[in-house]
Amino acid sequence: MIPLLALRDVHAGYDSIEVLHGVSVHVDAGEVVVLLGANGAGKSTLLSVASGMLVPTAGQLLVAGQDLTGTGAGDLARAGICTVPEGRSVFPSLTVAEHLLMMTHRGVSAADVEERAYARFPRLADRRQQSAGDLSGGEQQMLALARAVATEPSVVLVDELSMGLAPIIVAELFALLRGLADDGVAVLVVEQMAQAALDTADRAAVVANGRITHEGDPERIRSVIADAYLGVDPLARQETT
Ligand SMILES: Nc1ncnc2c1ncn2[C@@H]1O[C@H](COP(=O)(O)OP(=O)(O)O)[C@@H](O)[C@H]1O
Ligand SMILES: [Mg+2]
């Protein structure tokens, strides 16, 4: 199978500082892949490369087998790559319906966008006239996901899905991501909280210091993390001096 998204031996960073030192990761249609790693490991940088916000200094970005390295974020969005950035990017004073209205595109009507979003996120339907600022944190994250889904993406990138949310909400959000993948979307999600992520993932990888140090099925990664309690923590930030 040709992965919907693949990074091949990607090097990237900011100015002269290299953050990713040769990272390869891929996501197939229908898969949820989780990237775990400590603060500063390079997870968000990797997502920036995948979304075209950051151009790699070496290596390739392939979308459905097509080399799109160096094309802009706009081209990658048109290729079906969609990002849910860290920190629930909602506008507090706009209503749920207004957020979805912004996502009308390619001649899809506002009614269709809303209908699609509410079919997947029924909780938002009850709150369609509510300001996003008055939603719970979990509902705001749901709205951020709903906006992403409205673009009918083939690849969804999610940064720090669970941040600041209660475990029960996190489980619900992961179930929504699972549902997206089951419909054929390739989902790449970055997490610091391992457990809920590993319950949902088809595959997982650990990022440390700009490299993938472990990857495999969730059970294997779970044992890697468990082993860490006996020795070196693969999720711990290692300072480079
Ligand atoms: N815009 C930026 N400019 C300069 N350095 C950055 C920028 N964003 C991140 N970094 C640095 O890159 C490294 C990796 O950061 P990041 O990818 O955000 O890690 P993570 O998402 O795993 O916490 C860190 O050392 C961070 O300070
Ligand atoms: Mg980050």
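Here is a quick walk through a hairpin, a helix pair and a ligand site.

So, this is a predicted model, where local features need pLDDT of at least 70, side-chain atom pairs count only at pLDDT 80 or more, and totals for chains, interfaces and linings use all residues. Residues are numbered from 1 along each chain as its sequence is written, while chains are lettered from A and ligands numbered from 1 in the order written.

Let's start with the hairpin. Strands here are DSSP E runs of at least two residues, helices are H or I runs of at least four, and both are numbered from the N terminus; pairing takes at least two DSSP bridges. Tyr 14 sits opposite Ile 17 in β2. There are 2 residues between the strands, and Asp 15 has a positive phi near 50°.

Okay, helices. α4 (residues 110-120) packs on α6 (residues 137-150) at about 130°, axes 9 Å apart; axes are lines fitted to C-alpha atoms over the stretch in contact, and angles run from 0 to 180 degrees between N-to-C directions. Val 113, Arg 116, Ala 117 and Arg 120 in α4 meet Ala 146, Val 149 and Ala 150 in α6, contact being C-beta atoms, placed from the backbone, within 7 Å.

Last stop, ligand 1. Among the residues around it are Tyr 14, Val 19, Lys 43, Ser 44 and Thr 45, where a residue counts if its C-beta atom, placed from the backbone, lies within 6 Å. Which helix gives the most to that shell? That's α1, residues 43-51, with 3 residues.

How values were computed. Two residues are in contact if their C-beta atoms, placed from the backbone, lie within 7 Å.
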